[in-house]
Amino acid sequence: MTASISDVRSVVSQTFPQSLNELKDLVRIPSVSWSSFDPEQVARSAQAVSDLLAGTNLFEDVFILRSQKSDSKELGQPAVVARRNPAPGMPTVLLYAHHDVQPPGDLAMWESSPFEPEERSGRLHGRGAADDKAGIMAHVTSLRLLPELVENVELGIVVFIEGEEEFGSPSFENFLSDHHELLASDVIVVADSGNWNTETPALTTTLRGNATFKLTVRTLDHALHSGMFGGAVPDAFMAFAGLVSSFYTPSGSVAVEGLHRSSVPTPEYSDEQMREESGVLDSVSLIGDGHVLGRLWSQPSISVTGIDIPDVANASNTLLPSVSARISVRVAPGQSASEAFSAIQQHITEHIPFGAIVEFEDVNLGEAFSTDTSGWAAQSISHALTQSWDQEVVNMGVGGSIPFISSFVSAFPNAQVLVTGVEDPDSRAHSPNESLHIESFEKAIVAELLFLVDLNSKKP
Ligand SMILES: [Zn+2]
């Protein structure tokens, strides 16, 4: 039995007011996962999510679980997990979202209280309204309605609602290995990204990886008077600046051999849009080559994000003996982070001016991600999104990295990972006045329910 799009829309719309109210109740819990905030609120929100999942009547047990952090003996924040095993031969889908939120930041910047949700012009405002409590409610609602649309729920279902995503998921790796069997699945839906806009759905199909490190450049064994020695002896900043210039072509593309580019199709998007959204100053040109979105989605980039040198107020007439900087390399999908790090390391060693000494420390690697959109689950969810929005789905790249997605990929290498979400370009996740486009939320539920109904009829 397959339900039609109008059946699905109608069951969703009947209970949508309830889902919206339950979302508001979740937003009222200030579940900030940062260590300086009250962990009691994260525990409260885990309990609320657990109650919602129990209410779907699909699971015998709903667990609230914690694992030890990777970098200390402390336990991470509580995650909520429920599992229902599949009928023989049927696939298992894991539905991921997170119930923790970012701190509200400057309260004066909010037009309404961050933890008292308010509806204004078709949007629900509040911290976590979009990122990612609406993701949780999309899962809960579609699971609650699934039995109304299929004869028997034969699909295996795992729900995994993390409690510390906004704080860098410190216990995530341990959690995946501690509960590997409980979480095992064929398809993983990560509802923590967004749509192209409020009219157009998207599947996030690529994410760049990252390789960041601290670089120290040395030219002298001690500081020297810049008048006595400047002009004959190189200071460390001079060597560093020359090195940084060698990273780029004159137009600002990355010029480091061994840092790969890939190519992905890009939706319509103009240079003017990029200028407007980024706030680049009028006289300043954009950098790079190729389609402007391709530069973000499928090409590498290199940025210096911090530098230790004397500040202007304390400048003396001195040649600097050493400079340290944090360098961030975004890695194109298709290249491993360690390979990218080796490429930049080799470039730096070969291009450092004047034979200056270089040192690499604090290397941090995160893998890029790309979905095989020809997989059966990717096809099914793309079809569901297109039907629900009544608009062709866009395969969207993201220039940033979501490191926990690569942890999923390495823990469950055979699973298809699908990245969806409820956000849109105006959601302002992490910023003051975060909001959810309420109609997009309903469409996201319709799409997820259509997808689950379709999966329930599949034997891969
Ligand atoms: Zn999120």
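In which helix does Thr141 lie? Thr141 belongs to helix 3, where helices (H or I, at least four residues) and strands (E, at least two) are DSSP runs numbered from the N terminus. The model is predicted, with local features requiring pLDDT of at least 70 and side-chain atom pairs counted only at pLDDT 80 or more, while totals for chains, interfaces and linings use all residues. Residues are numbered from 1 along each chain as its sequence is written, and side-chain values use heavy atoms, with hydrogens and water left out.

Thr141 has a relative accessible area of 1% and is therefore buried (under 20% relative accessible area; exposed is over 50% and partly exposed in between, with a 1.4 Å probe and protein chains only). Its side chain makes a polar contact of 3.0 Å with the side chain of Ser19. Such a contact is a pair of N or O atoms within 3.5 Å; within protein, one must be able to donate a hydrogen and the other to accept it, and residues adjacent in sequence count only if both atoms are side-chain atoms. Leaving aside neighbours within four places in sequence, Thr141 is in contact (heavy atoms within 4.5 Å) with Thr15, Ser19 and Ile445.

The zinc ion is coordinated by His98 (NE2), Asp131 (OD), Asp192 (OD) and Asp192 (OD), at 1.9 to 2.7 Å. Donors are N, O and S atoms within 2.8 Å of the metal (3.2 Å for Na, K and Ca), and sites may look incomplete because water is not among the atoms. His98, in strand 3 (residues 92-98), and Asp131, in the loop between strand 5 (123-125) and helix 3 (133-149), link distant parts of the chain, 33 residues apart. Both His98 and Asp131 are buried.

Helix 7 (residues 236-245) has Ala236, Ala239, Phe240, Leu243 and Val244 buried. These residues lie on the same side of helix 7 because they cover an arc of only 135° around the axis, taken from the directions from the helix axis to the C-beta atoms. Their cover includes strand 9 (209-218), strand 11 (301-308), strand 13 (322-331) and helix 10 (337-351). At the start of helix 7, a side-chain oxygen of Asp235 comes to within 2.9 Å of the backbone nitrogen of Phe237.

Gln77 sits in the loop between strand 1 (62-65) and strand 2 (79-84), and counts as buried at 14% relative accessibility. The C-alpha atoms of Gln77 and Gly163 are separated by 5.3 Å, although the two residues are 86 residues apart along the chain.
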